[in-house]
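Please examine the sequence and the three-dimensional structure shown here before reading the notes below.

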Amino acid sequence: MSKKNVCEVLLDILANAGGRQIFGVVGDALNPFLEAMRDDERFEWKGMRHEENAAYAAYAQSHLTGGIGICAGTVGPGALHLINGLYNAKREGAGVIAITGQVAHKERGTGYHQEVNLEKIFDDVCGYQAIIHTPEQIPRLAQIAVQRALLNREVVRIELPIDVSEQAVPSLHQVHELVRTPSTLIPPIVQLDHAADLINDGKKIAIFAGVGCREAKDDVIALSKRLHAPITHTLKGKDIFDYDDPNVVGMTGLIGNPGGYHAVNDCDVLIMLGTDFPYEWFLPEKAKIIQVDRSIKHLGRRAPIAAGLLGDVKATLDLLLPKLIKNLTRSSLIVRSNYAASGWSIRTRRPASTGRWSLSIHKYLRVKFPSKPQMMQCLRWTLANAQSG
């Protein structure tokens, strides 16, 4: 017989996965879990004013560290308040573990105070839910949940009913070391050869890099130099690539700039690296697209692709680069993109001017400011109506 209760075993599993901080709001069915943490120096409780903030904090920790984030809320509304932050974590591919309390089993189905069918409500946002009905279940189910959050980057939930959480765990036979490091994923050689042929046949090549390039910045820049290709990045890639980096011309999309927009839209071959960029109308219609991503659901989801490479960006580029013919001349695309990016950068440093009434907000959308006479007419109409009212 183990001397540890359900909550203490859960803390051991979380610590094994690298958990150190837990964000949440105390209360009711969650109290036994907090009592187990009281003398556990491995963890730090981060009390929040609202459970939604706890879920967002757990998401941010997972996203920034690449590990897990942990949040907690008690029964009923305390657990439901986690939902918004957990949906954000799901969409961003973060590994978040939500720990919730639950009313005692004997009270289920009686309309007990704050009784909610949490399993049903969390079904869509969670990739897995560990519902603990007996102490025997905690080692196996908790490890399944934590492992999926750690490597599959899923949102998972562990439910601790108040009548179970303080019971002793009869055996720790199922407890084992978790897999902490993901495997490197590379595409087959035949697909790499096909992608290389498409790139080598291109005349105006551009690179579109996303957050999946975080561990491969040097490789992406090396690819750009080899091909003389401009690098456009997504918003999530903004902290990876800087304007001072070689061939980086900025972003495209709703908050993009001319250099990034034209680099992507004027190319004949586009290499998309680690991005699930959602705005398909900012992607070229006639260019051949080679997409590299470690998630199969991202390949070809936003635009038709000529070649899809399922693999990590860094490992894939290590194999792809030697197959590419070095471009010895600067293409017109990179010259124009760099010129547009530098001009945009200069203009953004100028003070705002009231004379810029007819400037396009975005060249692609052709949206323009109202003219100055139109603005004055609107102002006079507003003042007149305000005075009459």
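This is a predicted model: local features need pLDDT of at least 70, side-chain atom pairs count only at pLDDT 80 or more; totals for chains, interfaces and linings use all residues.

Residues are numbered from 1 along each chain as its sequence is written, and side-chain values use heavy atoms, with hydrogens and water left out.

**Helix α8**

- The 13 residues of α8 (residues 189-201) should span 18 Å at 1.5 Å a residue, and the end C-alpha atoms are 18 Å apart, which agrees.
- L192, A195, A196, L198 and I199 of α8 are buried (under 20% relative accessible area, with exposed meaning over 50% and partly exposed in between; 1.4 Å probe, protein chains only).
- Seen down the axis of α8, the buried residues fall within an arc of 160 degrees, so they line one face of the helix.
- V190 and D201 lie on the other side of α8 and are exposed.
- Among the elements against which the buried residues of α8 pack are β7 (205-209), α9 (217-227) and α11 (313-320).

**Residue L198**

- L198, found in helix α8, counts as buried because its relative accessibility is 12%.
- Residues in contact (heavy atoms within 4.5 Å) with L198 include V269, K288 and A307, not counting residues up to four places away in sequence.
- L198 and I289 are 91 residues apart in sequence, and their C-alpha atoms are 9.0 Å apart in space.

**Residue I255**

- I255 is found in the loop between β9 (248-251) and α10 (258-265).
- I255 counts as exposed because its relative accessibility is 55%.

Note on methods:
Helices (H or I, at least four residues) and strands (E, at least two) are DSSP runs, numbered from the N terminus. The expected span of a helix is 1.5 Å times one less than its number of residues. The arc is that of the directions from the helix axis to the C-beta atoms.
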